[in-house]
Amino acid sequence: MSVAGTMYSSAAIAEAMAAIAFDADGLVPCIAQQHDSGEILMMAWMNRDAVAETMRTGRVCYWSRSRQALWRKGETSGHGQRLVDLRIDCDGDTLLALVEQAGVACHTGRHNCFFRALRDDALTEIAPVLVDPKDMYGS
């Protein structure tokens, strides 16, 4: 997969920033969706810098609340996301990143983060681990 995806001009980035309603912590939720299949892969947070970097480079970048740092998807795991299109919802308070996912999207080694569902009144894992997390991140 090519690292660079859709890249936007500085004018487009400024227009998007003006339309996004960041919360009190300066964050906005972003849903990542596989562009061709429609599969919902994950939800993560973006701050202004993450949105700008994503739009400028075409490589999806999020904000890690636990590390308090930018999180460039795939930087440590090798499983990155190339931006195909970035969309802003009607209220400006949620983003949708249409992406080309390389490998798995979830840190658990599954293709997406939505692998638990209620089945017969029990929370059940409905998707297999495809990549051992130890292989992605080390021990």
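Mentor: Start with the order of elements along the sequence: α-β-β-α-β-β-β-β-β-β-α. Helices (H or I, at least four residues) and strands (E, at least two) are DSSP runs, numbered from the N terminus. This is a predicted model: local features need pLDDT of at least 70, side-chain atom pairs count only at pLDDT 80 or more, and totals for chains, interfaces and linings use all residues. Residues are numbered from 1 along each chain as its sequence is written, and side-chain values use heavy atoms, with hydrogens and water left out.

Trainee: How many helices and strands are there in the protein?

Mentor: Read them off the pattern α-β-β-α-β-β-β-β-β-β-α. The totals are three helices and eight strands.

Trainee: What radius of gyration does the protein have?

Mentor: The radius is taken over C-alpha atoms, and the globule rule is 2.2 Å times the number of residues to the power 0.38. Those C-alpha atoms fill a box of roughly 50 × 35 × 30 Å along the principal axes. For 139 residues, a compact globule would come out near 14 Å; the protein agrees, with 15 Å.

Trainee: What share of the 139 residues counts as buried?

Mentor: Buried means under 20% relative accessible area, exposed over 50%, and partly exposed in between (1.4 Å probe, protein chains only). By that rule the buried share is 40%.

Trainee: Which two residues form the aromatic pair?

Mentor: Rings of Phe, Tyr and Trp (its six-membered ring) pair if their centres lie within 6.5 Å; planes under 30 degrees apart count as stacked, over 60 as edge-to-face and the rest as tilted. The count is one aromatic pair. Its geometry is tilted, at 5.1 Å centre to centre and 45° between the planes, and its members are tyrosine 62 and tryptophan 71.

Trainee: How many residues apart in sequence are glutamate 53 and arginine 72?

Mentor: Their side chains meet in a salt bridge, at 2.7 Å from N to O. Glutamate 53 lies in helix 2 (residues 48-57) and arginine 72 in strand 4 (residues 69-72), so the pair ties together parts separated by 19 residues.

Trainee: Which residue forms a salt bridge with arginine 110?

Mentor: Arginine 110 counts as buried, at 7% relative accessibility. The closest N and O atoms are 2.7 Å apart, and the partner is glutamate 125. The pair links distant parts of the chain: arginine 110 in the loop between strand 6 (95-101) and strand 7 (116-119), and, 15 residues apart, in strand 8 (residues 122-125), glutamate 125.

Terms used. A salt bridge is a side-chain nitrogen of Lys or Arg within 4 Å of a carboxyl oxygen of Asp or Glu.
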